[in-house]
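Visitor: I would like to go through this protein chain with you step by step. May I begin with a single residue and then turn to the whole?

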Amino acid sequence: MKRKIRGLLLVSMVFAAMLLSGCSNTGNIEQNTIVVKKDGSVLGAIIEDFSDSKYVSEELKTMLEQEIADYNAKAGEGSVTLETYEVTEDKKVKVYLEYASFEDYAGFNEETFFAGTVSEAYEAGYEFVDMENVSGEGAAIGKADVLEKGNMKMVIFEEPVHVRVNGKICYISSGMTIAGKKEAAADNEEGMTGTFYLIYE
């Protein structure tokens with residue numbers, strides 16, 4: 001999500017985060033966050049400080065809307081929707097993008113992203129990693145044991161952001177910390193690369 005936005009910024013085609021009301025599991029978003037919803041849709045929220053930027057908000061919004069239109073022309077109308085665009089008084093840009101599916105999130109942002117069951121992730125060809133039990137009541141599980149959690153849900157992503165899900169997080173991969181029962185944060189260290197995994201029920 002943010003990787004593509006940063007790329008757009010470098011070529012004067014950029015956007016940031018959003019304020020959305022009335023949407024389940026999306027309240028109190030204060031940092032860059034991906035929300036995986038119960039119905040399979042995905043919400044991408046980015047919050048960026050443009051206080052030192054020369055770009056005006058309408059230019060940024062127009063560029064983002066064009067990116068969405070271009071993607072929807074190929075993927076289908078409604079695949080990606082700009083729900084809200086806001087510029088605060090202190091020049092923070094806030095945007096929420098609604099994606100019809102995790103495939104649309106991955107396609108629009110041109111990066112790895114998966115949301116489904118562990119079995120579906122395996123069938124899609126993802127390689128599993130060792131994962132930590134966040135409850136502290138059980139041992140960590142090795143990559144060979146992950147498949148045994150076949151019916152549990154899994155999110156796989158690359159960005160150092162917060163991920164919020166509709167369920168209790170049970171396992172996370174290295175480089176992540178728990179930010180609540182339904183939210184985990186990947187290390188946001190600048191320049192960090194890698195793939196992050198979480199399992200929830």
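Visitor: Is serine 101 buried or exposed?

Guide: The model is a predicted one. Serine 101 lies in the loop between β4 (92–99) and α3. A residue counts as buried when its relative accessible area is under 20%. Serine 101 has a relative accessible area of 17%, so serine 101 is buried.

Visitor: With which side chains does the side chain of serine 101 make polar contacts?

Guide: A polar contact requires a pair of N or O atoms within 3.5 Å. Another, of 3.0 Å, joins serine 101 to the side chain of aspartate 104.

Visitor: Which residues does serine 101 touch beyond those up to four places away in sequence?

Guide: Contact means that heavy atoms lie within 4.5 Å. Leaving out residues up to four places away in sequence, serine 101 touches Gly40, Ser41 and Val42.

Visitor: Is glutamate 110 buried or exposed?

Guide: Glutamate 110 is found in the loop between α3 (102–109) and β5 (113–117). Its phi is near 55 degrees, a positive value in a residue other than glycine. Exposed means a relative accessible area over 50%. Glutamate 110 has 63%, and therefore glutamate 110 is exposed.

Visitor: What percentage of the residues of the chain count as buried?

Guide: The secondary structure of the chain comprises five helices and twelve strands. The chain has 201 residues, and the share of them that counts as buried is 46%.

Notes: Residues are numbered from 1 along each chain as its sequence is written. This is a predicted model: local features need pLDDT of at least 70, side-chain atom pairs count only at pLDDT 80 or more; totals for chains, interfaces and linings use all residues. Side-chain values use heavy atoms; hydrogens and water are left out. Helices (H or I, at least four residues) and strands (E, at least two) are DSSP runs, numbered from the N terminus. Buried means under 20% relative accessible area, exposed over 50%, partly exposed in between (1.4 Å probe, protein chains only). A polar contact is a pair of N or O atoms within 3.5 Å; within protein, one must be able to donate a hydrogen and the other to accept it, and residues adjacent in sequence count only if both atoms are side-chain atoms.
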